[in-house]
Amino acid sequence: MSKIEKFLNYVNEKTCNKFSFLRLKQVFFDASKNLCTISFIYPCNKTLLDEEREEIINAVKSYIKINAKIDVKINKSFIEKELILNQIKKFLEVNNPMFFNMLDTDKIEFFIEEENVKINFLLEEQLFEYFNQYKIDKELSNFLYKNFYANFEIYSKKIEASKVMENLLEERKKNIQKQSDLNSLLSVSQEKYNIIEKKVLIGDEITFNPRFIKSISKPFESCVVAGKINFITERTYKTKRKIKSKGAGEEQFLEKPYFSFQIKDQTASLYGVIFPSKANYHKFRLISNGDTIAVQGAIQKYGENFEIMAKNISFCKIPSKNDVESIIDQTLIKEYSYVSPQKYASQVQTNLFETNNRSKEILTGSFVVYDFETTGIDTLNDEIIEIGALKIVNGEYKEVFTTLVKPRKPIPPEASKVNRITNDMVENCFYIEQVIKDFYLFCKNCQMVGYNSIAFDSVFLQRAGKKVGINFDNTQIDVFLLAKQKLKGLKNYKLGTVAKYLEVNLIDAHRALNDVIATAEVFIKLY
């Protein structure tokens with residue numbers, strides 16, 4: 001019998017099986033608040049009186065013997081289409097952003113009969129294959145079961161695909177899946193920075209540079225973090241080893257001290273613990289709240305959070321600008337570190353470049369067509385959150401470079417409404433200071449092509465490059481200016497308007513790679 005089953009059996013016995021319909025939704029322990037939250041759900045056709053709720057809460061508290069606050073939540077589960085659809089969107093946006101971005105939620109069918117829910121996804125071929133390959137139905141079904149008092153059956157049905165940019169959809173699937181793979185690498189990437197004036201306090205000298213706390217997403221045998229220490233608390237624990245007291249021969253447990261603390265850098269905070277030896281006990285007491293230290297030790301999962309089991313500790317200083325290098329040698333950037341380009345394959349490739357219709361410059365030159373999505377339109381203060389780029393060499397589409405980028409500040413809701421990029425989507429992505437080096441390598445020795453890029457994208461590009469000492473000195477071609485010069489009399493010169501006039505497909509506007517593909521085709525027709 002599992003621990004959950006034992007717990008539920010105890011609660012049922014304690015309440016004379018009056019509430020056997022209760023389903024355990026979640027148990028969550030917040031170490032920072034010393035709070036354990038237990039959440040239940042129950043069917044919408046049941047009713048609980050206040051005294052019955054109190055009876056359940058007392059039964060739960062009598063079972064859980066921990067030195068922490070206990071909060072018991074008991075909520076009725078309403079089985080309604082809109083509520084379920086909102087949870088589906090929430091799940092897909094976080095766990096399958098590529099699928100979510102291309103999904104038409106109007107093509108989800110719901111069949112609800114009391115506590116049984118059937119959901120049918122009507123999907124075009126590419127999405128249908130992706131849905132089944134990655135077993136989204138099982139993951140989604142488990143997620144919904146935990147959040148609603150109902151049984152879920154999820155199906156998918158293939159429908160006829162639209163004729164608009166089928167090849168692009170396939171490329172988007174591959175590229176965003178690549179981004180997802182890259183995001184998972186963040187947990188093992190060494191996102192490090194320099195610390196100075198290290199002075200050993202406990203253990204050995206720390207020879208590795210610390211990593212940002214925010215980048216910690218899995219346990220590590222050895223990890224270094226640095227920051228200000230706070231909330232130092234001395235506690236004791238009893239060892240399992242017993243000692244004999246003198247004379248009477250009685251036995252008692254041996255109490256030993258340990259310290260808990262919080263360490264905070266510019267990205268996040270992390271709780272830590274150290275079990276000092278006798279020699280190190282007084283050394284640790286030399287640390288005061290607010291001191292800056294570096295800590296080396298094992299990263300472990302504690303509840304829903306991570307903590308560091310300290311082994312080596314040094315006093316240190318963190319330079320004011322430690323997250324990026326101030327100057328780098330651009331000639332040394334020869335390999336992709338975080339984001340690598342992918343080959344571009346398209347069935348329309350052979351029809352794009354008939355030599356008698358294309359300029360000699362395009363057929364013999366190297367170009368990178370690029371577009372950024374940003375947190376806003378303020379080129380001095382807003383940030384890049386997505387890069388999409390396509391390399392054209394000797395008249396052929398060669399590679400795409402696409403990645404989401406994590407900003408230093410949250411994405412405003414008004415920006416998300418335009419580009420559909422949310423904070424959850426970029427949570428585990430790389431910062432621009434990392435990505436921009438790879439993008440520089442991708443653009444090297446190419447002319448750069450954008451739409452309204454001279455006044456917008458190019459400004460963001462130069463600012464991002466300067467953060468790490470990179471100068472983007474590529475020739476810039478603005479297709480917006482080309483269109484105004486060669487297409488007289490249009491009502492406006494937005495990309496959508498120009499693309500429609502030139503019979504270029506533009507789907508899902510305001511996502512970087514889609515805008516890039518359309519810009520490339522417009523560029524080829526105008527240049």
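Trainee: In what sense do β1 and strand β2 pair, and over how many bridges?

Mentor: Antiparallel, over seven bridges, with β2 covering residues 35-43. Two strands count as paired if DSSP finds at least two bridges between them, so seven qualifies. Strands here are DSSP runs of E with at least two residues, helices are runs of H or I with at least four, and both are numbered from the N terminus. Keep in mind that this is a predicted model, where local features need pLDDT of at least 70, side-chain atom pairs count only at pLDDT 80 or more, and totals for chains, interfaces and linings use all residues. Residues are numbered from 1 along each chain as its sequence is written, and side-chain values use heavy atoms, with hydrogens and water left out.

Trainee: Which residue of β2 stands opposite V27?

Mentor: I38.

Trainee: What makes β1 and β3 edge strands?

Mentor: The open sheet has the order β1-β2-β3, with mixed pairing. β1 (23-30) and β3 (69-77) each have a single partner strand, so one side of each is left without a neighbour in the sheet. Helix α6 (residues 136-147) lies across β1, β2 and β3, at about 90° to β1.

Trainee: Why are α1 and α2 called oblique to each other?

Mentor: Helix α1 (residues 3-14) and helix α2 (residues 50-63) pack at about 130°, with their axes 9 Å apart. Axes are lines fitted to C-alpha atoms, for helices over the stretch in contact, and angles run from 0 to 180 degrees between N-to-C directions. Under 35 degrees is roughly parallel, over 145 roughly antiparallel, 65 to 115 roughly perpendicular, and the rest oblique. About 130° falls in the rest, so α1 and α2 are oblique.

Trainee: Which residues make that contact?

Mentor: On α1 they are K3, K6, F7, Y10, V11 and K14, and on α2 they are A59, V60, S62 and Y63. Contact means heavy atoms within 4.5 Å.

Trainee: Which residues of α14 are buried?

Mentor: In helix α14 (residues 457-467) they are D457, S458, F460, L461, A464 and G465. Buried means under 20% relative accessible area, exposed over 50%, and partly exposed in between, with a 1.4 Å probe and protein chains only.

Trainee: How do you know that they lie on the same side of α14?

Mentor: The arc is taken from the directions from the helix axis to the C-beta atoms. These residues cover an arc of only 160°, which puts them on the same side of α14. Their cover includes β14 (366-374), β15 (384-393), α13 (432-443), β17 (447-450) and β18 (476-478).
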